[in-house]
Amino acid sequence: MNGELKKMRIEAFKEADYSGAPTGTFEVMFNPNAYTRKYEVAYEERQGQGDTSSPQVFGTIKPQEYQFDFMFDGTGTATEKVDVQETVDAFFRVTGYDGEIHRPLYLKLVWGALVSKCVLKSADISYTLFKRDGYPLRATVKASFSENIEDTLRVAEERKNSPDLTHRRVVQQGDHLSLMTDRLYRNPAYYFKVARFNDLNNFRRLQAGQALQFPPLKDQRT
């Protein structure tokens, strides 16, 4: 029902396509008060001959990253009493290295609107309260997860930028045809064939806002 408290959970899978039932599940003690989601685009600086500016040429969109602080309390004051060290160990059994697949497990973060397929990138553990015998009573795990997209989905998403398809691009201020062909074909040498395909009389003087067609790479091979 509405307003029902649901704990964040981490599901672990051995298959890269996340098929089958989870091999393990970890439910947090306390839902996070906040988390960060990092979106990063990588650019390559390219400077054309005679230019003083360095256009930022699109490289790739990096996997998104998530950071959480997970709290563990063994005092019994806020929730039922647990063994903090055993709970931390259980977290790493679900998120860490698996000897059968010889790599860390594939994870799915599930909490409200957040459903992310990812892998554990790093985890820092801070112990802040201890029993008289030295065993921890409180701990915080600062965990960083990196988005993990299975190959079939990644290929489908990248297909829209495939050099084997015809694309329409709009010239931006400072664009050179060789830079534009390099972005799509990963080879600036195709600029002449693209110019010929678009009937450009002067491909060295592109106008911002000008639309160009970039034909399939296989059709441009000589």
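Buried, in this talk, means under 20% relative accessible area. Keep that cut-off in mind for Asn198. Its relative accessible area is 19%, so Asn198 counts as buried. One more point before we go on: this is a predicted model.

Let me stay with Asn198 for a moment. Where does it sit? In the loop between helix H4, residues 191-197, and strand E13, residues 211-214. What does Asn198 touch, leaving out residues up to four places away in sequence? Leu212 and Gln213.

Next, another loop residue, Pro63. Its place is between strand E5, residues 56-61, and strand E6, residues 65-73. Pro63 is partly exposed, with 44% relative accessibility. Pro63 and Ser146 are 83 residues apart in sequence. In space, their C-alpha atoms are 6.3 Å apart. Pro63 touches Ser146, and Glu147 as well, again not counting residues up to four places away in sequence.

Now to the helices. Start with H1. Helix H1 covers residues 84-95, which makes twelve residues. From first C-alpha to last, H1 reaches 17 Å.

Which residues of H1 are buried? Val84, Thr87, Val88, Ala90, Phe91, Val94 and Thr95. Look down the axis of H1: these buried residues fall within an arc of 155°, so they line one face of the helix. Turn to the other side of H1, and Glu86 and Arg93 are exposed.

There is also a contact at the start of H1. A side-chain oxygen of Asp83 comes to within 3.1 Å of the backbone nitrogen of Gln85.

Helix H3 is next, residues 177-185. How much of H3 is covered? Most of it: seven of its nine residues are buried. Here is the list for H3: Leu177, Leu179, Met180, Thr181, Asp182, Leu184 and Tyr185. Just after H3 comes Arg186, with a positive phi of about 60°.

On to charges. Side chains of opposite charge can pair when their charged atoms come close. How many salt bridges are there in this model? The count comes to nine.

The salt bridge between Asp98 and Lys14 has its closest N and O atoms 3.8 Å apart. Asp98 lies in strand E7, residues 97-98, and Lys14 lies in the loop between strands E1 and E2, so the pair ties together parts that are 84 residues apart in sequence. Is Asp98 buried or exposed? Buried, at 13% relative accessible area. Lys14 is partly exposed, at 26%.

The next pair is Asp175 and Arg183. Their side chains meet in a salt bridge at 2.6 Å, N to O. Asp175 is buried, with a relative accessible area of 11%. Arg183 is partly exposed, with 30%. Some bridges also share partners: Lys14, Asp98 and Glu100 are joined in one network that way.

Then Lys38 and Glu40. Their salt bridge has its closest N and O atoms 3.6 Å apart. Here Lys38 is partly exposed, at 45% relative accessible area. Glu40 is partly exposed too, at 29%.

What does E1 pair with? Take E2 to begin with: E1 and E2 run antiparallel and are joined by four bridges. Within that pairing, Ile10 has Phe26 of E2 as its bridge partner. E1 also pairs with strand E9, residues 106-111. That pairing is antiparallel as well, over five bridges. There, Ala12 stands opposite Leu107 in E9.

To recap. H1 has its buried residues on one face, within an arc of 155°. H3 has seven of nine residues buried. E1 pairs with E2, and E1 pairs with E9.

How values were computed: Residues numbered from 1 in each chain as written. Predicted model: local features only at pLDDT ≥ 70, side-chain atom pairs only at ≥ 80, totals over all residues. Heavy atoms only, no water. Helix = DSSP H or I, 4+ residues; strand = E, 2+ residues; numbered from the N terminus. Expected span 1.5 Å × (residues − 1). Buried < 20%, exposed > 50% of the residue type's maximum accessible area, 1.4 Å probe, protein only. Arc of directions from axis to C-beta. Polar contact = N/O pair within 3.5 Å; in protein donor to acceptor, adjacent residues only side chain to side chain. Salt bridge = Lys/Arg side-chain N within 4 Å of Asp/Glu carboxyl O. Pairing = 2+ DSSP bridges. Contact = heavy atoms within 4.5 Å.
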